[in-house]
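Dear colleague,

Please find below the structure that I am handing over to you. My notes on what was found in it follow directly after.

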Amino acid sequence: MRRRPGLSARLKLALSYAGFLFVAGALLLAVVWWFLLRYVPDNSQGLLGISPNRYLLVRTFAPAAAVAMAFLLVFGLLGGWILAGRMLRPLTLITDAARTAGRGSLSHRIRMEGRQDEFRELSDAFDSMLEQLESHVAEQQRFAANASHELRTPLAISRTLLDVARKDPGQDRGELIERLYAVNTRAIDLTEALLLLSRGDRGNFTREGVDLSLVAEEAAETLLPLAEERRITLEVTGGAARTSGSAELLLRMVTNLVQNAVVHNLPAGGTVTVRTEAYGDTSVLRVENTGRVLPPDLVPTLTEPFRRGTERVRTDEHAGVGLGLAIVHSIVRAHDGTLDLAPRPAGGLVATVRLPAVP
């Protein structure tokens, strides 16, 4: 929105300083007149015939007072201009940094020196905002690049299969259809996961009362055939743990956690334990599974989109798209909760979700 031109803040402060100094000088002169000159006799002989009268004092004092007032006005303007410039210099630095950030350069920092004051707090807050923006933009760019790469892979495979079929009309069409169906299914799953992740990040969903224990039982019932196929023992324990949020998103969160625990487990004889409980104003969901020993530096990266450690890569039908725990983290964050991942000393992972509880 365009605004009409006006006085700068520096000029306003300078005029304010000059006006204050001018008014202070005028009050001082008024005090001198009120408490001194008004007691001087106003006659031709003055006091006892030897002191000047009021008329002579006023004629002598008025020009000097006018010169002093003019000096105070000029001095106030110049001094106010200099002082206002020094006071507003931190704002100039912040403005320059904001303009630099507006041109797309988020790596610039003010790093204002000096003691802690209001301008220093504003500068530090602005630097912190720039740091968060830079990190968020870098994360979004990395996510877009990874998503483009992941979406391009099934499309490239589909084109390759079609090119081969076009060059070899005698190829088995049933096999081609099955392979195209599998590739298309993976592309659809990836697209739905991206949409769900975007929805979780936005947080635009209707909240309602949800019992995490019921959600955990539903997710376990859905994934029980997969666990039995892999000879994994799946157990749900604990009590009611009510929270507020989207039942659909919370079900997807628990399902992803349990599926991740089942898939990334021991080849056979592993266990997955899902426990829900309430602690005061916090509802807790804990998913613990056996599995390979995870390196400590791998665990913090598990919630990054498309991040697959060597130990996590699967070659079967449950290879996934690398968004399972990223979606979990996004849903937990949208519900004002926290997600903690910790490796088990004997192998496997413990995922703990803490959400605000409701009565």
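I begin with Ser246, which is buried because its relative accessible area is 5%, where under 20% counts as buried. Please bear in mind throughout that this is a predicted model. Ser246 sits in the loop between strand E3 (242-245) and helix H6 (247-263). A polar atom of the Ser246 side chain lies 3.3 Å from the backbone nitrogen of Leu249.

Overall layout

The protein has 7 helices and 7 strands. Read from the N terminus, its elements follow the order α-α-α-α-β-α-β-β-α-β-β-α-β-β. The protein comprises 359 residues, of which 33% count as buried.

The cavity

How many cavities of 30 Å³ or more does the structure hold? There is 1 cavity of that kind, and the space within the largest cavity amounts to about 50 Å³. As background, rolling a probe the size of a water molecule over the atoms shows where empty space is left.

The lining of the largest cavity consists of Leu257, Asn260, Ala261, Val287, Asn289, Leu325, Leu341, Leu349 and Ala351. Helix H6, strand E5 (282-289) and strand E7 (349-356) each supply at least two residues of this lining. The largest share, 3 residues, comes from H6.

Val287 belongs to strand E5, and Val287 counts as buried because its relative accessibility is 2%. Val287 and Ala261 are 26 residues apart in sequence, while their C-alpha atoms are 7.5 Å apart in space.

Salt bridges

A search of the whole structure finds 8 salt bridges. In general terms, side chains of opposite charge can pair when their charged atoms come close. I describe some of these pairs below.

Arg109 counts as buried, because its relative accessibility is 13%.

Another salt bridge is formed by Asp336 and Arg207, whose closest N and O atoms are 3.7 Å apart. This pair links distant parts of the chain, 129 residues apart: Asp336 is in the loop between helix H7 (324-334) and strand E6 (338-343), and Arg207 is in the loop between helix H4 (173-202) and strand E1 (208-211). With a relative accessible area of 56%, Asp336 is exposed, since exposed means over 50%. Arg207, at 39% relative accessibility, counts as partly exposed.

The side chains of Arg275 and Glu277 also meet in a salt bridge, at 3.4 Å from N to O. Arg275 is partly exposed, with a relative accessible area of 36%, whereas Glu277 counts as buried at 14% relative accessibility. Together with Arg286, Arg275 and Glu277 are linked in a network of salt bridges.

The nonpolar surface patch

Leu7, Leu15, Phe22, Val23, Leu27, Leu73 and Leu77 make a nonpolar surface patch of about 600 Å². Which helices each supply at least two residues of this patch? They are helix H1 (9-35) and helix H2 (54-102). The largest share of the patch, 4 residues, comes from H1.

Leu15 is one of the patch residues, and Leu15 is found in helix H1. Its relative accessibility is 41%, so Leu15 counts as partly exposed.

With kind regards

Terms used:
Residues are numbered from 1 along each chain as its sequence is written. This is a predicted model: local features need pLDDT of at least 70, side-chain atom pairs count only at pLDDT 80 or more; totals for chains, interfaces and linings use all residues. Side-chain values use heavy atoms; hydrogens and water are left out. Patches are made of residues with over 30% relative accessible area and no salt bridge: like charges are joined within 9 Å, nonpolar side chains (Val, Leu, Ile, Met, Phe, Trp, Tyr) within 5 Å. Accessible areas come from the Shrake-Rupley method with a 1.4 Å probe; for residues, only the protein chains shown count as cover. A salt bridge is a side-chain nitrogen of Lys or Arg within 4 Å of a carboxyl oxygen of Asp or Glu. Buried means under 20% relative accessible area, exposed over 50%, partly exposed in between (1.4 Å probe, protein chains only). A polar contact is a pair of N or O atoms within 3.5 Å; within protein, one must be able to donate a hydrogen and the other to accept it, and residues adjacent in sequence count only if both atoms are side-chain atoms. On a 1 Å grid over the protein atoms alone, a cavity is a set of points where a 1.4 Å probe fits but cannot get out, and a pocket is an open set with protein on both sides within 12 Å along at least five of seven lines; lining residues have an atom within 4 Å of a point. Grid points are joined across faces, edges and corners, and a volume is the space filled by probe spheres set on the points.
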